[in-house]
Amino acid sequence: MRKTSAAALILVILLGGIVLFFASDETSRTGFWGFVGGSKPLRAWTPATPSPTLKAPSAKPQNCGLLNVTVLDVGQADAIFIKTPGGKTILIDAGIYGRAANILKSQKIDYFVATHLHQDHIDGFKYLEKNVGAIYDNGDCGGNKMGTMLTTYEGFWQTHPHVAVTQDSAVEFDPCISVEFKVAYDRPQGCWTSNENENSILVRITYGSTSFLFAGDCEKNCEYTLLQQGTDLDAEFLKVGHHGSGTSSSADFVRAVGAQYYAISVNASESITKGYFHPRKASLTNIFGMGGFSEGTRFLYRTDLNGNLNYVSDGKTIRKSAYLTSPTLTEEFSGYSDADASTYGPIN
Ligand SMILES: [Zn+2]
């Protein structure tokens, strides 16, 4: 009898230990996945609630002008300023320090979208908030550890209309265009991952027959999940994910978007200083694998090499600013000899 009780007790302790061992969060390095030195495999994605039907405006209203998109040169960070055909303004990410504010000055911003809550995407908000109408972001999925900077940013949720984007949705910022938010994370079932980059909101803006996709810092798991969900990613313009990191721009994702124009918001020397080495060869290889760059049918520009990147759509075609001439591949990728040659540097 005593032997049986002792055996039962040992069994309970063992089972408890096993449960605790496996009960780690998505990507933490504790528990089983930390033990085996890998990250937890992707779980199958099942939508908790059906996403709202997304549809482009049925008829283009009168008085729609041009859609103007500028990827601002804010160093190793993201900030994209958009003027809609109906005269509204959207800022996707605010960059770092006062760099975006230095460019935008006192420009009114009707809608601010933070793709995710990392410093290089929201730090600049405090310099711009006086001019901002409403804020859209992921509502803090908990994948960031940004301390005071984050507290300051989240403080603006009290002083501005704030929308936490929890699933794929469409918003009417301007009846001339369609603005869709695409998310890989599954907020109704809790935070998707502790890697905040993967909690990025993607923004797709369609004007007539032209589309722009802004990929935030979406990395491979995020890209894979979007593809698995059958998300419509097709766009003529792609703001390349995560500053051209090798953990983004998987070949399947790049193919699914099928863009003609690629913009990388990056500063290579700042990136090297920070140890990121963006943009990486792996992502550039996948982009250039699309072909057509030497023929002048696809175009890739970088904020550190080309400055502010400006694109204009009339609803039929996208054209880039005249100053964006196509640099040769050698100019585009050479000159960073200190980087790890296996993952960074000249593509050929
Ligand atoms: Zn970033």
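Which residue in strand 2 does V69 stand opposite? I'll get to that in a second. First, the housekeeping: this is a predicted model, so local features need pLDDT of at least 70, side-chain atom pairs count only at pLDDT 80 or more, and totals for chains, interfaces and linings use all residues. Residue numbers start from 1 along each chain as its sequence is written.

Okay, V69: its opposite number in strand 2 is I82. Strands here are DSSP runs of E, at least two residues, and helices are runs of H or I, at least four, numbered from the N terminus. Strand 1 pairs antiparallel with strand 2, residues 80–83, over four bridges; pairing takes at least two DSSP bridges. Strand 14, residues 309–313, also runs antiparallel to strand 1, with five bridges, and there T70 sits opposite N310.

Buried means 20 or more other C-beta atoms within 10 Å of the residue's own, exposed means 12 or fewer, partly exposed is in between, and C-betas are placed from the backbone.

On to helix 9, residues 281–288: K281, S283, L284, I287 and F288 are buried. They end up on the same side of the helix because they cover an arc of only 160° around the axis, taking directions from the axis to the C-betas.

Last, the largest nonpolar core: of its 78 residues, L213 and Y262 touch the most other members. Such a core is a set of buried Ala, Val, Leu, Ile, Met, Phe, Trp, Tyr and Cys joined through C-betas within 7 Å. Strand 9, residues 201–207, gives the most, with five residues.
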